[in-house]
Amino acid sequence: MAGFSALDTLSVTKRSSPSKYSTLGTHNYRRSKQNVDLEKRSYSEDDTAEDSDDESDYSSSVVSSRETSGSYSSNRPMLHKKAPAQKRAAAYRLPNRIIRYLCLGLISTLIIFVLGLVRMSIVSSRRVEVGDLGSRPAPRPPTWEKFEFLTRYYGGIRTLVPFSENKPEYPSPEDEKPLSNDTVITPIRDLPTSKSFEPYKNQTSPSYLKEYLPVQECFLDDQSSIRVPRLQYYHGRPSGFPDNVMGSYELLGLPEDICFERFGRFGPYGYGYALKYGGTGTGQHGDTEGSELVWRDDSGTDGANQIDYSNINWGAAQKRCYLANAARFETKSSVTELPTTFSVVDKGIEQRRIENSKPSNLTSTKKHLPRNAVVIRSWDTFEYREEDILHLRALISELSLGSGAEYDVHLLVQVKDEPANPIWADADTYQKHLNESVPAEFRDIATLWSETQMLMVYQGIFDTFIRDRPVHGPYRGLQMAMQYFAHTHPEYDFFWHWEIDIRYTGHYYNLFSQIDSWTKKQPRKGLWERSSRFYIPSVHGSWEDFKQMVRVQTEMGTESPDNIWAGIKGSKAERPKVDKPIWGPERPHDSQDWFEIEKDPVPPTGYDKDKYAWGVGEDADLITFNPLFDPEGTTWLLESDITGYNASDGLPPRRAAIVTASRMSKRLLNTMHRETAFKKHHAFSEMWAPTTALHHGYKAVYAPHPVYVDREWPTAYLAGVMNAGRNGATGGARTSVFGEKEHNLLGMSWYYNAGFAPNLWRRWLGFKVNNEGGEEFELTVDEGRDGKGVNGMRGGEGRMCLPPMLIHPVKNVELPVEESPEKENIPESNPDA
């Protein structure tokens, strides 16, 4: 019946319908039940025989054509039972000992792996804490680094041309092709004659003498024999010298058609002649042609005006100058009784002042001049090099003695290691440490201060320790020292906070007096808004154009990366937000933070009704040398460093100006002092004075002094980078240049970490910088160079000559000092010999 095997298989796979009854007999039912039982249980070796019998019995049964799927019980297995498996050999198993070793090795590997991950995580966290991020791909260089260096800053005095004839290398008008950096030949001319600079001409004018008493001449020595020296300048500029990219000479009334080389600037103060003649022993290298004119007197004698500075006492000289000119100033109360600070006003001086001042109709009808203190910050471990001494001599001579005591120059010296130097223990310890810290000629103008002293005066301030620095320290609390200094010196009307690493290539009195005059003329309307922007003449046009542009930006708003997609469907960006012009005091949010507001200035009219009249003729309470920006929303690290205010509704309105150099009024500093002492209000050094002025409605002005750049920036791009804040200002947005983008200021001649500034200063002094410049460069033409770029300049043009400009920072300049024997006493000749 082999032919039916296929049918048998098919019939087994069919089941009867559940609606039909089975017609099989009892025998088939039992077999079906047995099959079900077999199906439910597993096979084993013991069942092999039974399975074989069942299978043969099932296979040999005849299936007729009448048997259909309906004739089978639904309990019958659908599938054919598998053929019995043959008995296989038992599988090999590893010994238990080996299995244990393998498991132990696997577990140990996992534990070591986990511990390694933990260790790497700890090491990585520590590296991140210390800033060690390992080797990573170098970040993309800033855009400005792609711009070409400007070369004509380093031109010499043998290429001088009149300012009106100079074709500046940069910036050039947009409709003109810029001058190529490939200029090979610059005409070298004969050395012109330098001239004496006259910064005090205004004091002898009829209009001045009509209002003020004449100046009484001051001298460096007590015998009244050493006059204040004069600077020497050259007309014009080196050929191709770039124009300033920011700020304006014309606006501030500063001279831009002259330049100063190093001998004309510092020669009067001891640069260029030997120690045995009272000089510094520096400046006796490089190009010196024409320098003898600096020390030539009116009779034509060379060297006659070389001053012996070895016995000068600048404190005594300033006191004598004040006494001679005391009638020009309003009588002020003497300094608070603190024997540890320098002052030209004391009981003895005031008594002599009264005796010397004879009342007259002339005196009573003349106006009094304000008094200024120039406070230079230093510290007790500062090393006063020859270059620093030249700078300090220039400040005192030009500002104090030359002006007839309108200014007094002070050194404010921080004591860093107080446990080793307990200066507050007694007066002898104080004086001993001062003598050890300050050169003899400046000791009488120095005042020591310490962090512990500030902690004693300004107690109870909540300290957030931002950047791990204490609020009373010199980094965050430097203004505390200035506040207390002003509190102990009521004889001054204004205080110039100056840094010891600032340099000026021009005359200091000319700079300070012109800035004072310009800021006094500025109207209050739109003043905060104008002061929050860099002024770039090549882009903004005239100052009047700039004023109108600022007003439109403030009242209409500007496009920025934050709102560029505004107006597009689905975009969350908002339309440009207009700014509310600052008009009068801008108070803190909580009225409990207001303090002594009764005497605060109040606008005489509404903002729209004012015709740029309010503020004209008013002395500025705050003058800064960088824009007054809004730190809110910027990436500046210290934008939230303010304490003592209720911040539940956000931080109070605030302003800041990078670089602490500024002029502050007595009113402003007194308000800062009292708020810190009584309300425990304070902010970061560069933010505290502007913020106080904002809260009380005081007049604050940014003076747009000339600033130079070292590369050929497209001026429109530069303007967009510098004024990239909210609505065309410098602050108020994450795009501000103050913060993560301050690297754009590294190539400027003025910023706290500018790289161009110290390099330019050193080249001007005749040093080599990056293997360029120096004595050989000044004296010799290198015919092997092609004249292309800074590294290709041929030289031979003489020493550099720079127009008046502020340069910051300048640190650690080591001038070569020529050793020389002591001044010899030459015996007189005997005519009878």
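## Terms and basis

Buried means under 20% relative accessible area, exposed means over 50%, and partly exposed lies in between (1.4 Å probe, protein chains only). By that cut-off Lys 547 is buried, with a relative accessible area of 13%.

This is a predicted model: local features need pLDDT of at least 70, side-chain atom pairs count only at pLDDT 80 or more, and totals for chains, interfaces and linings use all residues. Residues are numbered from 1 along each chain as its sequence is written, and side-chain values use heavy atoms, with hydrogens and water left out.

## The chain as a whole

The protein chain has 23 helices and 18 strands. Helices (H or I, at least four residues) and strands (E, at least two) are DSSP runs, numbered from the N terminus. Of its 833 residues, 50% count as buried.

The accessible surface of the chain comes to about 42,100 Å². Carbon and sulfur atoms hold 53% of that surface. Accessible areas come from the Shrake-Rupley method with a 1.4 Å probe; for residues, only the protein chains shown count as cover. Contact means heavy atoms within 4.5 Å. Among contacts between residues at least 6 apart in sequence, 79% join residues at least 24 apart.

## Strands 6 and 7

Strand 6 (residues 372-379) contains Asn 372. Strands 6 and 7 run parallel and are joined by eight bridges. Two strands pair if DSSP finds at least two bridges between them. Ile 376 stands opposite Leu 411 in strand 7.

Strand 7 covers residues 407-414, and eight of its eight residues are buried, so it is largely enclosed by the rest of the structure. Tyr 407, Val 409, Leu 411 and Val 413 point one way. Asp 408, His 410, Leu 412 and Gln 414 point the other way. Both sets are buried.

## Around Asn 372

Asn 372 counts as buried, at 5% relative accessibility. Its side chain makes a polar contact of 3.1 Å with that of Trp 496. A polar contact is a pair of N or O atoms within 3.5 Å; within protein, one must be able to donate a hydrogen and the other to accept it, and residues adjacent in sequence count only if both atoms are side-chain atoms.

Leaving out residues up to four places away in sequence, Asn 372 touches Glu 406, Tyr 407, Asp 408, Tyr 492, Phe 494, Trp 496 and Arg 663.

Strand 2 pairs with strand 3 (residues 232-235) over two bridges. In strand 3, Tyr 233 is the bridge partner of Lys 195.

## Salt bridges

Side chains of opposite charge can pair when their charged atoms come close. A salt bridge is a side-chain nitrogen of Lys or Arg within 4 Å of a carboxyl oxygen of Asp or Glu. The whole structure holds 40 salt bridges. In one of them, Arg 393 meets Glu 441, with the closest N and O atoms 3.1 Å apart. Arg 393 lies in helix 11 (residues 386-401) and Glu 441 in the loop between helix 12 (427-437) and strand 8 (446-449), so the pair ties together parts that are 48 residues apart in sequence. Arg 393 and Glu 441 are buried.

Lys 432 and Glu 436 also form a salt bridge (2.7 Å, N to O). They are four residues apart in helix 12, about one helical turn. Lys 432 and Glu 436 are exposed. Glu 544 pairs with Lys 547, the closest N and O atoms being 3.9 Å apart. These two are three residues apart in helix 18 (residues 543-556), again about one helical turn. Glu 544 is partly exposed, at 43% relative accessible area. Elsewhere, salt bridges that share partners join Arg 158, Glu 261, Asp 287, Glu 289 and Arg 799 into one network.

Met 120 is in helix 4 (residues 96-129). Met 120 is exposed, with a relative accessible area of 52%. With Phe 113, Val 114, Leu 117, Val 118 and Ile 122, Met 120 forms a nonpolar surface patch with about 560 Å² of accessible area together. Patches are made of residues with over 30% relative accessible area and no salt bridge: like charges are joined within 9 Å, nonpolar side chains (Val, Leu, Ile, Met, Phe, Trp, Tyr) within 5 Å.

His 487 lies in helix 14 (residues 478-487). His 487 is partly exposed, at 40% relative accessible area. The C-alpha atoms of His 487 and Asn 670 are separated by 6.6 Å, although the residues are 183 apart along the chain.
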